[in-house]
Amino acid sequence: MDEQTVLDCISKSIIDMNIQDAKKYARIAMDEGIDPNDVIDKGLAKGMDHINVQFDEGKLFLPQILMASKAMEAAIDIIEPYFKDDDVSIKGIIVMGSVKGDIHSIGKNVCCAMLRGAGFKVIDVGADVDPEVFSKIASKEKADIVGGSALMTVSLPQQKEMVRVFKENHLSVLTVFGGAPCTEEWVDSIGGDGYSSSGKEIVSLVRRLLEERDR
Ligand code: B12
């Protein structure tokens with residue numbers, strides 16, 4: 001099977017909400033040595049975009065989105081160990097979660113997998129996380145960076161709240177934010193330190209922020 005066919009099958013498995021196929025083709029992709037980033041961007045996320053269009057058009061409903069999400073998560077579990085960096089020394093501690101009121105977790109999980117693969121210690125605090133909880137865990141774990149994911153316009157202001165609470169608690173961490181409604185301009189406006197539009201870019205973003213901090 002050539003690479004494009006495997007990626008198309010992965011995309012189709014999400015569109016079909018077929019967990020078994022998602023796992024099967026994720027395994028084939030890894031056996032064939034396909035870049036896990038491509039499996040996410042050109043396979044899984046492509047399928048999920050299609051699902052989203054169907055949802056927007058009223059052709060699909062939440063239970064189906066949930067099934068597609070489960071298929072995507074099952075595939076991510078298989079490819080996660082392949083986000084490997086040769087240098088295994090810990091490069092920094094990152095606390096990652098989805099903001100308060102937001103239960104979307106797939107994008108956050110992708111970011112966690114990519115950061116772990118790049119050698120960071122990642123503490124995944126889950127979804128629907130209160131800013132005070134982010135703050136407590138970051139302080140306890142001596143985190144270098146805290147990341148907050150928001151997928152809805154109504155939960156986006158929670159990123160601003162995180163920055164406010166961290167300042168109030170005199171927590172000395174860098175902050176990174178992302179998720180579909182989040183933009184670089186927004187992150188600048190709330191006093192966050194970094195934005196990236198995808199899990200692929202989050203690794204270079206945190207590397208750059210830590211380098212700048214240690215300079
Ligand atoms: C899957 C999904 C769900 C699943 C979530 C399952 C799960 N375990 O996560 C379920 C079915 C549970 C769900 C529920 C709801 N959903 Co929903 N969901 C989606 C959907 C289709 C895909 C999201 C996704 O997983 N994408 C794939 C991942 C890989 O991409 P990503 O999340 O964007 O993440 C990437 C980047 O954004 C970035 N990134 C993400 N986080 C972070 C964090 C940092 C720090 C950084 C740097 C980068 C970064 O990197 C990631 C990897 O590349 C989106 C539509 C869409 N296309 O976004 C709607 C969507 C987000 N949902 C929406 C809504 C409204 C809801 C509900 C309120 C529906 C309802 N009526 O109940 C509930 C939410 C309840 C709540 N309180 O949170 C709306 C939001 C609209 C808006 N703009 O406000 C969307 C846009 C659908 C739509 N078209 O209306 N949903």
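Me: What is in contact between domain 1 and domain 2 in this predicted model?
Reply: On the domain 1 side 10 residues, and they are in contact with seven residues of domain 2. The area buried between the two domains is about 740 Å², with carbon and sulfur atoms giving 66% of that.

Me: What makes glutamate 80 and arginine 116 a salt bridge?
Reply: Their closest N and O atoms are 3.3 Å apart, and the cut-off is within 4 Å, so the pair qualifies. Across the interface of domain 1 and domain 2, the rule finds one salt bridge.

Me: Which elements give two or more residues to the side of domain 1 that touches domain 2?
Reply: Those are α3 and α4. The largest share, five residues, comes from α3.

Me: OK, over to helix α1. How do you know that its length fits its 13 residues?
Reply: At 1.5 Å a residue, residues 3–15 should span 18 Å, and the end C-alpha atoms are 19 Å apart, which agrees.

Me: What do the buried residues of α1 pack against?
Reply: They pack against α2, α3 and α4. Val6, Leu7 and Cys9 are among those buried residues.

Terms used. Residues are numbered from 1 along each chain as its sequence is written. This is a predicted model: local features need pLDDT of at least 70, side-chain atom pairs count only at pLDDT 80 or more; totals for chains, interfaces and linings use all residues. Side-chain values use heavy atoms; hydrogens and water are left out. Helices (H or I, at least four residues) and strands (E, at least two) are DSSP runs, numbered from the N terminus. The expected span of a helix is 1.5 Å times one less than its number of residues. Buried means under 20% relative accessible area, exposed over 50%, partly exposed in between (1.4 Å probe, protein chains only). Contact means heavy atoms within 4.5 Å. Buried area is the accessible area (1.4 Å probe) that two parts lose on being put together, summed over both. A salt bridge is a side-chain nitrogen of Lys or Arg within 4 Å of a carboxyl oxygen of Asp or Glu.
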